[in-house]
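Please read them with the structure open.

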Amino acid sequence: MATLRTPPEASKPGTGPGFGAAPGLPAGAAGPAAAGLPLAGGGGIAGARSLRRMGRAITANRKATVGTVLLVLFTFVALFPGLIAHDNPQAEIYPRAQSPSAQHWLGTTAFGQDMFAQVVWGTRPVLLIAVGVGLLATVVAMLIGVAAAYLGGAWDGTLSVITDVLLVIPLFPLLIIIGSYLHGAGTSVMIAVIAATGWSYTARQLRAQALSLRNRDFLSAAKVRGERPLYIICVEIIPTMTSLLVAAFLTNALYAVLFSSSLQFIGLGDPNVTSWGTMLYWAQNNEAFQTGLPLWIIVPGLCIVALGAAFALLNYAFDEIGNPALRPARSIRRVRAQRAR
């Protein structure tokens with residue numbers, strides 16, 4: 001019986017149309033398949049195996065495990081805040097400036113609001129901003145960066161100039177200027193402003209990756225077939241950048257948490273929206289530390305740090321999973337032992 005052989009070019013990391021080399025990997029280095037990441041495409045049994053490989057990769061990496069647990073916890077709190085905190089976070093119906101008690105676990109604010117309810121209900125807008133900015137900024141950067149690299153010529157020059165202009169402008173002062181004109185902006189406006197100003201660095205990374213793929217054989221084959229540039233960009237090039245896109249999303253989400261909370265803290269958000277940043281704004285205005293309400297500042301601050309750490313840990317873990325050079329020695333030995341089985 002004849003046996004099917006894999007073509008030599010398809011067995012090399014990062015050369016097939018449905019397989020992208022991990023960012024920063026040299027030629028011949030182990031790609032996502034060796035690291036336990038799922039390959040593109042495939043359904044049924046292949047899809048289940050891909051999910052199992054992804055699960056093993058997450059559980060085998062401590063940073064990924066901790067980051068996933070934190071993110072799942074915050075997501076649950078954001079989806080079901082009423083199951084955890086039964087008080088209205090805006091209701092000023094309790095004695096003012098109370099210490100923590102059985103009725104009010106974190107005490108009450110200077111306005112008589114339940115502080116625990118504010119922390120719980122404030123999770124949703126922060127997570128919405130993080131996910132919204134992460135998705136929107138990554139999509140914009142993906143389209144601009146990949147289109148500039150593939151189309152070349154005047155397209156590349158124009159899009160690169162726009163990207164470079166945004167790169168040299170300090171982002172946070174720019175956000176402060178924009179926020180001063182949009183004082184009291186809600187969650188959707190905050191997402192749009194941060195995403196519109198924060199995609200440039202990701203676009204530069206994706207452009208560099210797309211340039212390295214522009215002369216690959218599978219793109220030449222698509223041109224010979226007569227495929228349109230939009231099809232080649234969306235179907236042939238972008239799926240090979242899965243690991244870089246995930247890393248870009250996590251990075252953009254992390255900065256969205258920090259920037260949005262900072263803007264709200266200095267009073268450029270909507271002070272009537274309950275979130276961790278607005279809690280810090282009101283606590284600072286009422287001198288929480290001087291009036292004996294340190295938890296009004298400490299707890300939302302720790303929540304911001306924890307959510308930011310979740311995205312950062314997942315980002316670092318994804319780099320370690322996709323790039324063998326970044327993995328600890330024990331992780332490399334574990335992967336080799338799994339292969340030997």
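1. Salt bridges come to 4 in total. Bear in mind that this is a predicted model. Side chains of opposite charge can pair when their charged atoms come close.

2. Start with Arg-207 and Asp-156. Their closest N and O atoms are 2.9 Å apart, and the two form a salt bridge. Arg-207 sits in helix α10 and Asp-156 in helix α7 (residues 153-168), so the bridge ties together parts 51 residues apart in sequence. Both Arg-207 and Asp-156 are buried.

3. Helices α10 and α7 also hold the partners of another bridge, Arg-204 in α10 and Asp-164 in α7. Here the closest N and O atoms are 2.2 Å apart. Arg-204 has a relative accessible area of 25%, so it counts as partly exposed. Asp-164 is partly exposed too, at 35% relative accessibility.

4. Next, Arg-225 pairs with Glu-236 in a salt bridge, with 3.2 Å between the closest N and O atoms. Arg-225 is in the loop between α11 and α12, while Glu-236 is in helix α12, 11 residues apart. Are these two residues buried or partly exposed? Arg-225 has a relative accessible area of 49% and is partly exposed. Glu-236 is at 9%, below the 20% cut-off, and therefore counts as buried. Glu-227 joins this pair in a network of salt bridges.

5. The largest nonpolar core has 37 residues. Ile-129, Val-133, Val-146, Ile-194, Leu-206, Ile-237 and Met-241 have the most contacts inside it. At least two residues each come from α6 (123-151), α9 (187-197), α10 (200-213), α11 (217-224), α12 (229-237) and α13 (242-265). Which helix gives the most? It is α6, with 11 residues.

6. Leaving aside residues up to four places away in sequence, Ile-194 touches Ile-129, Val-133, Leu-175, Ala-256, Phe-259 and Ser-260. Another core lies apart from the largest one. This other core has 31 residues, including Leu-127, Leu-254, Leu-280 and Val-299.

7. Last, look at Leu-245 in helix α13. Its relative accessible area is 15%, so Leu-245 is buried. What does Leu-245 touch, not counting residues up to four places away in sequence? The contacts are Thr-138, Met-142, Leu-206 and Ile-238. The C-alpha atoms of Leu-245 and Thr-202 are separated by 8.8 Å, although the two residues are 43 apart along the chain.

Key: Residues numbered from 1 in each chain as written. Predicted model: local features only at pLDDT ≥ 70, side-chain atom pairs only at ≥ 80, totals over all residues. Heavy atoms only, no water. Core = buried A, V, L, I, M, F, W, Y, C linked by side-chain atoms within 4.5 Å. Buried < 20%, exposed > 50% of the residue type's maximum accessible area, 1.4 Å probe, protein only. Helix = DSSP H or I, 4+ residues; strand = E, 2+ residues; numbered from the N terminus. Contact = heavy atoms within 4.5 Å. Salt bridge = Lys/Arg side-chain N within 4 Å of Asp/Glu carboxyl O.
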